[in-house]
Amino acid sequence: MREGLPALYPRLWRFALMLSGSRAAADDLAQKACTRALENAGKFEPGTHLDRWMFTLTRRIWLNELRSEAVRRGNGLVPVEEVELTSNTASSEANIFTGEVFNAIRNLPESQRETVLLVYVEGYAYKDAAQMLEIPIGTVMSRLAAARKSIAQKFPDERA
């Protein structure tokens with residue numbers, strides 16, 4: 001497990017960023033998840049997918065923080081300009097559109113946002129996301145449908 005964490009860390013940090021909405025909180029959350037994973041390395045069962053275990057652990061830590069620090073939830077959403085998500089390879093127009101999409105995702109309700117991240121950003125199958133979120137697969141599907149509808153309303157099709 002210890003060997004897999006460095007390669008997984010960028011994805012874990014991105015997940016933490018989308019959950020928390022700020023770079024500093026993402027740093028803290030990702031580090032807490034890694035620390036907790038190392039402390040509980042004995043509970044990691046061989047054959048378990050490290051990435052799924054870590055995403056579940058990160059999500060649980062985040063939810064515990066939200067429960068214990070209600071004030072923090074109010075600071076969870078920040079404008080995309082403050083997050084400074086940029087790509088050196090994409091055009092400025094692509095970066096602007098990417099920023100708008102991430103901002104739309106960030107404005108989704110928490111349950112939809114984490115589901116969108118796991119399925120559309122991280123590429124997990126519905127059943128894997130359901131397992132990580134500890135919800136039925138039908139709930140994953142309904143959350144994604146609601147998220148797609150919400151985002152589609154923000155980006156109306158220009159062909160219509």
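The buried residues of helix α8 (126-133) are D128, A129, A130, M132 and L133. Buried means under 20% relative accessible area, exposed means over 50%, and partly exposed lies in between, with a 1.4 Å probe and protein chains only. This is a predicted model, where local features need pLDDT of at least 70, side-chain atom pairs count only at pLDDT 80 or more, and totals for chains, interfaces and linings use all residues. Residues are numbered from 1 along each chain as its sequence is written, and side-chain values use heavy atoms, with hydrogens and water left out.

**Overall build**

- The chain holds nine helices and zero strands.
- Helices (H or I, at least four residues) and strands (E, at least two) are DSSP runs, numbered from the N terminus.
- Of the 160 residues in the chain, 41% are buried.
- Take the contacts between residues at least 6 apart in sequence: 65% of them join residues at least 24 apart. A contact means heavy atoms within 4.5 Å.

**Around α8**

- The cover over the buried residues of α8 includes α3, α7 (110-121) and α9 (137-154).
- E134 follows α8 and sits in the loop between α8 and α9.
- The phi of E134 is positive, about 60 degrees, although E134 is not a glycine.
- Most residues other than glycine have a negative phi.
- E134 counts as partly exposed, at 48% relative accessibility.

- R59 lies in helix α3.
- R59 is buried, because its relative accessible area is 10%.
- Its side chain reaches the backbone oxygen of L133 at 3.5 Å. That is a polar contact: a pair of N or O atoms within 3.5 Å, where within protein one must be able to donate a hydrogen and the other to accept it, and residues adjacent in sequence count only if both atoms are side-chain atoms.
- Leaving out residues up to four places away in sequence, R59 touches F15, L19, E114, M132, L133 and E134.

**Aromatic pairs**

- The whole structure has three aromatic pairs. Rings of Phe, Tyr and Trp (its six-membered ring) pair if their centres lie within 6.5 Å; planes under 30 degrees apart count as stacked, over 60 as edge-to-face and the rest as tilted.
- One of them joins F55 and Y124 edge-to-face, at 5.7 Å centre to centre and 80 degrees between the planes.
- This pair links distant parts of the chain: F55 is in helix α3, Y124 is in the loop between α7 and α8, and they are 69 residues apart.
- F55 is buried at a relative accessible area of 1%, and Y124 is buried at 6% relative accessibility.
- Ring pairs link F15, F55 and Y124 into a cluster.

**The largest pocket**

- On a 1 Å grid over the protein atoms alone, a cavity is a set of points where a 1.4 Å probe fits but cannot get out; a pocket is an open set with protein on both sides within 12 Å along at least five of seven lines, and lining residues have an atom within 4 Å of a point.
- The lining consists of R36, N40, K43, T48, H49, R52, W53, T56, L57, R60, Q131 and M132.
- α3 (50-68) and α8 each supply at least two lining residues. The largest share, five residues, comes from α3.
- The lining divides into three nonpolar, five polar and four charged residues. Ala, Val, Leu, Ile, Met, Phe, Trp, Tyr, Cys and Pro count as nonpolar, Asp, Glu, Lys and Arg as charged, and the others, Gly among them, as polar.

- T48 sits in the loop between α2 (23-39) and α3.
- T48 is partly exposed, at 34% relative accessibility.
- A polar atom of its side chain lies 2.7 Å from the backbone oxygen of E45.
- The C-alpha atoms of T48 and M1 are separated by 9.7 Å, with the two residues 47 apart along the chain.

**S20 in α1**

- S20 is found in helix α1 (residues 5-20).
- S20 is buried, with a relative accessible area of 2%.
- The side chain of S20 reaches the backbone oxygen of S22 at 3.3 Å.
- A polar atom of that side chain also lies 3.4 Å from the backbone nitrogen of A26.
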